[in-house]
Amino acid sequence: VLNGILLLGLIGRIFLRIAANSRPRSNNKNAGGFIAGMALIGLSLFILGYLGTFIGNLIKAAVSRQREFLADASAVQFTRNPGGLAGALKRIGAVVTGSRLRATNASEASHMFFAEGVWEGFTALTASHPPLNERIRRLDPQWDGAFPVEKLTTTQFYGPKEAAGLVGTEAEAAAPNEFVPVTIVAHASNQVGDPQEPHRKYAAALVESLPEVVRDSAREPYGSRAVLFGLLLDRDPEIRGQQLTQLHSSTTEDVYQLTEKLIPYIDILDVRARLPLVDLAMPALRAMSASQYREFMKSFRVLVQADNRLGLFEWTLYRVLMRNLRPQYEKTADQRPSLYGLQRIGGPCSVLLSTLAYADNRTADASEAFARGATKLPDAPVRLLEPTQCGLQQLSGALDELSKVAEKKRRPLVDACAAVICADREVTVAEGELLRGICDMLGCPMPPLLPGGPVEFAHEGAAV
């Protein structure tokens, strides 16, 4: 349609050119009038054509802006993570200089850019993208209008060679005195949904350090099931024997044989590699058929229940799987936020903080750790519960309730959990991974916590 309108302007230009180049003959009295008429017609067509083109461009820009809103909505529908896209747009808004494309035909592809990439003229009516503030506010209605200023950098980074050390002997894998810097965990909420380049490099190095057979198996449906089964096997030979016997009768022969093949490699994995390995296997697990999913979950429960006790890692792994796989294969309740404050859910908050306090400290020190976490939740009426009230079953119910909290209100929960874990000024790798697991259950995905090495945060103008 725009091309048809533009064609009128082109025809008008042709008429004007003909009129300008025509010379009336002296013996033709009507020639001058004909040329003037042609010029008038050409000028009219030229004005109509290019005025229509200008208006058409305004319409095209308006459609493009609306398509940007539609693209944002589609991205949120696909990822179920409006905070991730909002965070990316906030980072674009935080860049002062920006950039523009100077290519002659750049405007033809302007609707494909992530942000405004061409000069939009003297009015926003010709802009191909809506204002960032408006896009962000539709994704995050509670946004205060401030763009992020914190920046994560590393002065020392453990690359592939050092990351290869994550795979070692069984004794090394079980070493209890491996720690994550307290400053990183204390600012965990700043990293939710916002992986930086050091995180990506560390995750890539961590995946690269995995034994090739484990890495390849995690990327296909049969192998990913075997990897998860291997992670659940107990180190006690007697309990492991019972688990393998029951697994043999509950899963297919090929998956069982692959699990046995992977056991020696999985046994030597560092605790830091467990959750990243689960993340690596998740796309392949989502590719299972409905019958394979039912068989997988049946075998999973068999392994968990074989020793008549539920370990913290088993519970975390089960909850992560349920959150990521269950909506795809089973009918689940509406997961939209239904709570917009923490005032009425002091009970679930108390269970979460009390469980972490007892898990990370002696009973005598639990009250101090709990108090540190409680200061992060001034609106929630929390109290330290007795250890008998803080089992994994109670924690599951609490997290189910807390996952209904609006996304804007989940950040204080992450801060509170981090404060409890950091209360003794030591954070083991296992504790850090537990925090990542809880964040995942709360719908606040956190990138891997960088181990060792000084890491600098610039937050609100202060270096930590």
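Predicted model: local features only at pLDDT ≥ 70, side-chain atom pairs only at ≥ 80, totals over all residues.
Visitor: Where does Ile-47 lie?

Guide: Ile-47 is in helix α2, which covers residues 31-79.

Visitor: And is Ile-47 buried or partly exposed?

Guide: Its relative accessible area is 47%, so Ile-47 counts as partly exposed.

Visitor: New topic. How many aromatic pairs are there?

Guide: The count is three. One of them is Tyr-293 with Tyr-329, a stacked pair with 4.4 Å from centre to centre and 5 degrees between the planes.

Visitor: Where do those two sit in the chain?

Guide: Tyr-293 is in helix α14 (residues 290-305) and Tyr-329 is in helix α15 (residues 312-329). They are 36 residues apart, and the pair links distant parts of the chain. Both Tyr-293 and Tyr-329 are buried.

Visitor: What about Phe-296 and Phe-300, stacked or tilted?

Guide: Tilted, at 6.0 Å between centres and 55 degrees between planes. Phe-296 and Phe-300 are four residues apart in helix α14, so about one helical turn separates them.

Visitor: Which residues are in the cluster of ring pairs?

Guide: Phe-229, Phe-296 and Phe-300 are linked into a cluster.

Visitor: Which residue lies over the face of Phe-69?

Guide: Arg-138, at 3.6 Å from the ring centre. Arg-225 lies over the face of Tyr-222, at 4.5 Å from the ring centre.

Note on methods: Residues numbered from 1 in each chain as written. Heavy atoms only, no water. Buried < 20%, exposed > 50% of the residue type's maximum accessible area, 1.4 Å probe, protein only. Phe/Tyr/Trp six-rings, centres within 6.5 Å; stacked < 30°, edge-to-face > 60°. Lys NZ or Arg CZ within 6 Å of the ring centre and 35° of its normal.
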